[in-house]
Each structure stands twice: as structure tokens, then as C-alpha cells.
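The sequence and structure are shown first.

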Amino acid sequence: MDQCLQGGEPARSNFDWAGPLTEVVLAGNIALKMERQLYEKGLKLHYDGPNMKVTNLPEANKSIRDEYREGWSL
């Protein structure tokens, strides 16, 4: 582990591919959660990765980020 931090061979669980892969899986979870609305409206889920939002089903965006009560944050 220390070798990859010191400029050696990169770690096998590299964030270069693990981050985007996780984002795809989570977008799939949102599609499953919104399946009924998508089916009833005849839509496919359109996800804008750089802006982290669904562009064609606004109610799906509630599943992307939590809204915290006033005075609370991460």
C-alpha cells in the first residue's frame, strides 16, 4: 500500500474506474426506484453525470442528494 502512495505501482482498486462504476450502479438504483413513473410516462432515465442530476424526471433528483433540515449539514 505504501508503495502506491510513494509513486509506485497504482493500487488495484483504483478510483479512476471505481468512482464511475459506482455512479453507474447508483443511477441504476434510481431507475429501479422510479420504474413505475418512467413506465407510465414512457421514458428512459436521462442522467447528467457532470451535474449529478436526472434531466427528464425531476422527482428522481430527490434520490440523488439528501436535503438536511436547517442547521444540519455534512
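Among contacts in the chain between residues at least 6 apart in sequence, what percentage join residues at least 24 apart? The share is 20%. The model under discussion is predicted, and the points below set this value beside the fold, the dimensions and the surface of the chain.

**Secondary structure and overall form**

- The chain contains 3 helices and 2 strands, and their order from the N terminus is α-α-α-β-β.
- The chain is more spread out than a compact globule, because its radius of gyration of 17 Å is well over the 11 Å that the globule rule gives for 74 residues.
- Taken along the principal axes, a box of roughly 50 × 35 × 20 Å holds the C-alpha atoms of the chain.

**Burial and accessible surface**

- Of the 74 residues in the chain, 9% are buried.
- The chain has an accessible surface of about 6800 Å², and carbon and sulfur atoms account for 54% of that surface.

**A nonpolar surface patch**

- Three residues, W17, L21 and V25, form a nonpolar patch on the surface; together they have about 310 Å² of accessible area.
- W17 lies in helix 2, which spans residues 15-33.
- W17 counts as partly exposed because its relative accessibility is 47%, a value between the 20% cut-off for buried residues and the 50% cut-off for exposed ones.

Notes
Residues are numbered from 1 along each chain as its sequence is written. This is a predicted model: local features need pLDDT of at least 70, side-chain atom pairs count only at pLDDT 80 or more; totals for chains, interfaces and linings use all residues. Side-chain values use heavy atoms; hydrogens and water are left out. Patches are made of residues with over 30% relative accessible area and no salt bridge: like charges are joined within 9 Å, nonpolar side chains (Val, Leu, Ile, Met, Phe, Trp, Tyr) within 5 Å. Accessible areas come from the Shrake-Rupley method with a 1.4 Å probe; for residues, only the protein chains shown count as cover. A salt bridge is a side-chain nitrogen of Lys or Arg within 4 Å of a carboxyl oxygen of Asp or Glu. Helices (H or I, at least four residues) and strands (E, at least two) are DSSP runs, numbered from the N terminus. Buried means under 20% relative accessible area, exposed over 50%, partly exposed in between (1.4 Å probe, protein chains only). The radius of gyration is taken over C-alpha atoms; the globule rule is 2.2 Å times the number of residues to the power 0.38. Contact means heavy atoms within 4.5 Å.
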